[in-house]
Amino acid sequence: MDELVIRQPDDFHIHLRDDDMLPMSVGHVSAQFRRAIVMPNLRPPVVSTLIATEYRKRILAAIPSGRMFTPLMTLYLTDRTTPADILLAKESGIIHGVKYYPAGATTNSDSGVTDLEGRFKVLEAMMKHGVPLLLHGEVTNKEVDIFDREKVFLELVLSGVVKEFPDLKIVLEHITTSDSVDFVDSCSDKVAATITAHHLLLNRGDLFDGGVRPHHYCLPILKRERHRLALIRAAVSGSPKYFLGTDSAPHERHTKEASCGCAGVYTAHAALECYAAAFDSVGAMNKLEDFASTFGARFYELPLNTGQIKLVRKEQKIPPEYGYSGGAIVPFRAGQNLDWSVEA
Ligand code: DOR
Ligand code: ZN
């Protein structure tokens, strides 16, 4: 297969950031995706419908003219979120999920939840009003090995939440292990997962390929090859529980190429082509449309997009960096060729 026309896709997990990064991140995402679930881990975080409404306006203002793009906003769950916040969010019509970060798990997560059981009244309200819970599924205890934090989260946290709130819609974001695939498979259709392009294409060896590779450092961290293969199998399985969420996460070059570098891989510049490379590697291009354009919309109860997008097997060279007014971003596959291109 050298050409594929699919329904225009959505990205169900992206970091757009704010201010001087917005023109770049919104420019890239809106070139391919019709909608995106926008993560709330700004500094300070997006903790209320009012803050989300203002942030949404800044995103809308950054959309290049002539493009159709709808940001689907999320709220950041904190120890102070209340059931009333959930009702307001639902009534706003612009909030599509509430994001749980365990405090200290990743970039800008210091306002995250320290005690999830303390938020059970909020989860109850989410279940009642049909607001999905979006999970960064890792424990943060330093005694737990960084490669085991996702698996231990399933055991210590998620299995309890799923039992306590059987009708709560849950998205386990950016899954990285066969354990998560087994877990999600074993749950009802209320529980789904997003998979990033970089976790489909890289394993933990790519963190140390000839030297430390800061641009491959993300959280949850890359795992063993057998886990990558399990993610590929899940993505191409045809199960509606798995759908596209890039977790594209821009960080200015010097904050990644540092003695304590930030976590995040930037894929928004060529997200669909990266997913195509992963699906093509196992001869499953015919499964890409459902993963990218159908299953996520159904889970979030959104209408399917009506536009189309064409992928062609044609080399494209990724630039070494994207400059913006605040510095530069080093994109995934910088300076390398990709086999697939999106045709205008
Ligand atoms: O690698 C990551 N980067 N993982 C996250 O959970 C957050 C993200 C970011 O915001 O940079
Ligand atoms: Zn993320």
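**Exercise 1.** Determine which residues coordinate the zinc ion (ligand 2).

*Solution.* In this predicted model, donors are N, O and S atoms within 2.8 Å of the metal (3.2 Å for Na, K and Ca); water is not among the atoms, so sites may look incomplete. His 13 (NE2), His 15 (NE2) and Asp 247 (OD) coordinate the zinc ion at 2.0 to 2.1 Å. Along the chain, these donors follow the spacing H-x1-H-x231-D. Both His 13 and His 15 are buried, that is, under 20% relative accessible area (1.4 Å probe, protein chains only).

**Exercise 2.** Identify the polar contacts of ligand 1 with His 15, Asn 41 and Ala 263.

*Solution.* The criterion is a pair of N or O atoms within 3.5 Å. First, a polar side-chain atom of His 15 lies 3.3 Å from an oxygen atom of ligand 1. Next, for Asn 41, a polar side-chain atom is 2.8 Å from an oxygen atom of the ligand. Finally, a polar backbone atom of Ala 263 lies 3.0 Å from a nitrogen atom of ligand 1. The protein covers 99% of the 290 Å² of accessible area (Shrake-Rupley method, 1.4 Å probe) that ligand 1 has on its own.

**Conventions.** Residues are numbered from 1 along each chain as its sequence is written, and chains are lettered from A and ligands numbered from 1 in the order in which they are written. Local features need pLDDT of at least 70, side-chain atom pairs count only at pLDDT 80 or more, totals for chains, interfaces and linings use all residues, and side-chain values use heavy atoms, with hydrogens and water left out.

Notes: Polar contact = N/O pair within 3.5 Å; in protein donor to acceptor, adjacent residues only side chain to side chain. Buried < 20%, exposed > 50% of the residue type's maximum accessible area, 1.4 Å probe, protein only.
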